[in-house]
Amino acid sequence: MLRDLFRKPKKYATIPSEQVKKDIPEGIMQKCPKCGTILITKELEKNLKVCKACGHHLPMSAPERLQSLVDNGEYHEYDQELISKDPLAFPDYVKKVQADMNKTKLNEAVVTAEGKIGGYPAIVGVMDSRFRMGSMGSVVGEKIARAAERAAAKRIPFILFCASGGARMQEGVLSLMQMAKTSAALEKMHREKVLFVSVLTNPTTGGVSASFASLGDINIAEPGALIGFAGRRVIEQTVRQKLPDDFQTAEFLLKHGQLDMVVPRGELRDTLIKILEFHA
Ligand SMILES: [Zn+2]
């Protein structure tokens, strides 16, 4: 108290470590968000965006994922022209979608395509978390439903990579309706006895985890992926209990029977080829 008044002022300045961190040139190197290791971007990309030091799986864009998955990186994209409307005249929605379109060079938060994986034809969908946090609006739902319907009609498997914050707030109830629409399309596939594989990547939450992401004949997740419906804080406040540290991780869900496999990214293509071979 009184002593504080007479304390000598510090003679040196402290440079906040945040500022030091920012001095890493962007593009050439990047920092692992989990362990803090500085990684050379080119090497990181070669390693499918998995940190060499700690095994953390960094987000992959939809084009990167498709390139890493399909034979020779060749695929035919579907419904590329579908673009979101602004049905509720939500403030700034059009502007935000446009900004994400410019940033990602994509028209929406999911890319659906047909290609071959290990020689087996498949319809592949990949959500891109850079676009409105991979949230599901009408276009995302429509593209996924159409992909499922195509898979059912062509009788070839559908593999969907999920990465999403859930339903898209700016489209209100129309976003929530996508949960029913996509689920119905997958049910059609199921009746046609066509394989659906869901791959849950970090993060898969909200209305996406509560619909198509959990409906795979086989549900696979990447290590460490956050998967859940509501956030940890909301649940803790509701049930008035402390949740375990690994709650809502892929490993926790595997242990409790909600997933079939947790597969590191480096083994994913081979695992999928084995599954396709088995069901061919
Ligand atoms: Zn790391």
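Which residues of α11 are buried? In helix α11, Arg265, Leu268, Leu272, Ile275 and Leu276 are buried, where a residue counts as buried if 20 or more other C-beta atoms lie within 10 Å of its own, as exposed if 12 or fewer do, and as partly exposed in between, with C-beta atoms placed from the backbone. Seen down the axis of α11, these buried residues fall within an arc of 95°, so they line one face of the helix; the arc is that of the directions from the helix axis to the C-beta atoms. An α-helix has 3.6 residues a turn, so residues three or four places apart point the same way.

This is a predicted model, in which local features need pLDDT of at least 70 and side-chain atom pairs count only at pLDDT 80 or more, whereas totals for chains, interfaces and linings use all residues. Residues are numbered from 1 along each chain as its sequence is written.

The face of α11 turned away from the buried side carries the exposed residues Glu267, Asp270, Lys274, Glu277 and Phe278. On the buried side, the residues of α11 pack against β4 (110-117), β5 (120-127), β6 (158-164), β7 (196-205) and β8 (218-221), two residues being in contact if their C-beta atoms, placed from the backbone, lie within 7 Å. Helices (H or I, at least four residues) and strands (E, at least two) are DSSP runs, numbered from the N terminus. The 15 residues of α11 (residues 265-279) should span 21 Å at 1.5 Å a residue, and the end C-alpha atoms are 21 Å apart, which agrees; the expected span is 1.5 Å times one less than the number of residues.

Turning to the whole protein chain, there are 11 helices and 10 strands, and buried residues make up 36% of its 280 residues. The chain is divided into domain 1 (11-56) and domain 2 (59-279), with bounds that come from an automatic or database domain assignment. The centres of the two domains, taken over C-alpha atoms, are separated by 28 Å, and their contact takes 5 residues from domain 1 and 6 residues from domain 2.

For residues 32-54, UniProt lists "zinc finger region: C4-type" in an unreviewed entry, and such annotations may be inferred rather than shown by experiment. Over residues 32-54 the chain is 26% helix and 13% strand, with the end C-alpha atoms 9 Å apart.
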